[in-house]
Amino acid sequence: MKQEIFRARALPWWLCAPQLLVLFLFFYLPIILAFFWAFHLEQPFGGGSQFVGFANFRRVLGSGEFWSSARATLAYMVLASGSSVGTALVLALAADRRLRLSGIARNIFLWPKAVASASIGVIFVFLLNPYLGIPAPLNEIWPGLWNPRTNPLHAYAMLFVANVWSAIPFSFIILLAGLQAIPEELHKAGAIDGAGPWRRLRDIQLPLLTPQLFVVVVLEVADSLSGSFGLIDTMTRGGPGGATNLLVYKIYSDGFKAYDLSGAATQTVILMALVAVVTGAQYLFLERRVRYDR
Amino acid sequence: MTATNAPAAIGLHGLRKSYGATEVLPALEAELRGGEFTVILGPSGCGKSTLLNCIAGLERLSAGRITIAGREVQEAEPKDRGIAMVFQNYALYPHMSVAGNIGYALKVARVPRAEREARIAAAARIVDLGDYLHRRPSELSGGQRQRVAIARAVVREPQVLLYDEPLSNLDAKLRQDMRMELAGLHRRIGATSVFVTHDQVEAMTLADRIMVLNRGRIEQFATPQEIYHAPATAFVAGFIGAPAMTLLDVAGEGGWLRLSDGTVLARHRHQGAALLGIRPEQVLADPAGVPARVIYREDLGAHSVLTLQLGDGSRLQMAAGPGRPVAASSDIRIALPAGALHLFDPLTGRAFARHPVPSDAMKVQDDAIPS
């Protein structure tokens, strides 16, 4: 029956072509080029490339700067996704309990979704500016109490705050939807079975929320590896002293500031592999604990 | 396994529940006897589920007291009230096995594993679920799920079992089987049972006593027989029976009940305006009776239900035996036997005290009809 409607074999392809073209140009082509460049020595301003095998990988993997950036990236991945999912979960639980003002909160928490991460970065740099921002009065009393420009811990704290703020809308709405899909009667049954609110949270709500938690964690982890660029570029530029120079930002600065296109492409390939491995591992190990029964 | 040593009576004293300005239950007063199977019956929105949730402790009272086995429980947590509940949508924990569902309350109460497993097995036996203990609820049919829900309630050996429309998600056949099982379960474990439903068949078959609830008020609280044969209010009369009692506006004068156009309906010594109720199955065909026109006919096989239009335009339902079929839009004559008449106050809806009726007045005599 389907065959009769679309008798022309070419028609579906024509209809898909615009989307496929965009996907190819901006998604698959860059990936292919990254792999190509990773195995070649590129000239900074174009024109000619030379096949060098694994030389780029040996060079990148042999540099201490890469390994410190990779360590920072992994630490950021764990902390950023953990803090943003955790915060969103607490807010979603509160909104699900219909705490006071949760109707308004449900609306407001979605707004950051409409703000680009670079804009969020600019705003938080200003808000947290040690001399002009909110911490300024404290800095006057205790000089040096807060200075993300010199203290790596402060710089990270600033990144996490901005990241949590920008990541809340998506996680919050998914988790809240998941919580609200849990029938009211299960809470009642739990209460009659003698389980208090915390016990019900542990035994009923969280197990039934695992599908949503899994989606949110996978996406947030992937996002923390690649999506942190906008925040870093506007807030710390990899500083102070390269402390927040995560892989995604290091690729940019190596490639477009130091014109080491091959090195940047090599690290891109490594970062892609890292995202793939981490996501795959989550599907392998985390998804087993997801309860899809409803 | 017996659920309880001494069945617990439930007392509802001045029980009041409102949501904001909306009063759902205005000052309810009732005594549910220990070991009795009480059905709370009413249309949707009458407050019956709210009342059950109040007894369960899932809703806080606005005012009043609830006693279970003589102990005031209105401030107690649900788990401390000696109650268990079966929900309409089963409310099984989808991520736990059948055994996990049944034993959850015991686990929360830190009952040792060995005792827990023994009690789970015993409860599963009561509802014939032994083979399914390791399945997930999603692998069970609707009837099996409701059995799990019942086992989960029974395993706690409650003094009081609360049912919130537990059969309404099941198909008709299964519903009848479950009614039988619930009746048997009640006999075996003897716990005081409170069963909320809008289905009068469930109420009539299961209840020791039925509490008919309308807009949060008790219309009548009596045995199924009394509810059916002596409805205390016009609401009860119009709610019970399938089809329900017909209610007609009549006026009584000089020993006769007349419709607004003067048609004489039946003999009765009531004076003044009244609501006349009569069950469709008690309306008789009588060649000497009141003229009526058949405007609609439903043949149900065993009998058919005729909708008749009377002289003043009011409608009356009549159940006719399987005999000769009566065509729609034909004219017939009917009689309303005096013994089958129920008269209600048109203002309050309360039944007037029934007058003894002389036996010779069982039929409207044509020679006695005044002009």
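In what sense do strand β9 and β10 of chain B pair, and over how many bridges? Strand β9 (residues 209-214) of chain B and β10(B) are joined in the antiparallel sense over five bridges, where two strands are taken to pair if DSSP finds at least two bridges between them, and where helices (H or I, at least four residues) and strands (E, at least two) are DSSP runs numbered from the N terminus. Within this pair, Leu213(B) stands opposite Ile218(B) of β10(B).

The model is predicted, so that local features need pLDDT of at least 70 and side-chain atom pairs count only at pLDDT 80 or more, whereas totals for chains, interfaces and linings use all residues. Residues are numbered from 1 along each chain as its sequence is written, chains are lettered from A and ligands numbered from 1 in the order in which they are written, and side-chain values use heavy atoms, with hydrogens and water left out.

Both strands belong to an open sheet of six strands in chain B, ordered β6-β7-β8-β3-β9-β10 with mixed pairing. The edges are formed by β6 (83-86) and β10 (217-222) of chain B, each of which pairs on one side only, and neighbouring strands are turned by 20 degrees against each other on average, direction ignored; axes are lines fitted to C-alpha atoms, for helices over the stretch in contact, and angles run from 0 to 180 degrees between N-to-C directions. Helix α1 (residues 48-56) of chain B packs on this sheet, touching β3, β6, β7, β8 and β9 of chain B, with its direction at about 150 degrees to that of β7(B); contact here means heavy atoms within 4.5 Å. Helix α4 (residues 142-154) of chain B lies across β6 and β7 of chain B and runs at about 175 degrees to β6(B).

The contact between the chains takes 26 residues from chain B and 18 residues from chain A. Together the two chains bury about 2000 Å², 60% of it on carbon and sulfur atoms, buried area being the accessible area (1.4 Å probe) that two parts lose on being put together, summed over both. In chain B, Pro94(B), His95(B) and Tyr104(B) lose the most area to chain A, together 30% of what that side buries. The elements that give two or more residues to this side of chain B are α1, β6 and α2 (98-108) of chain B, and the largest share, four residues, comes from α2(B).
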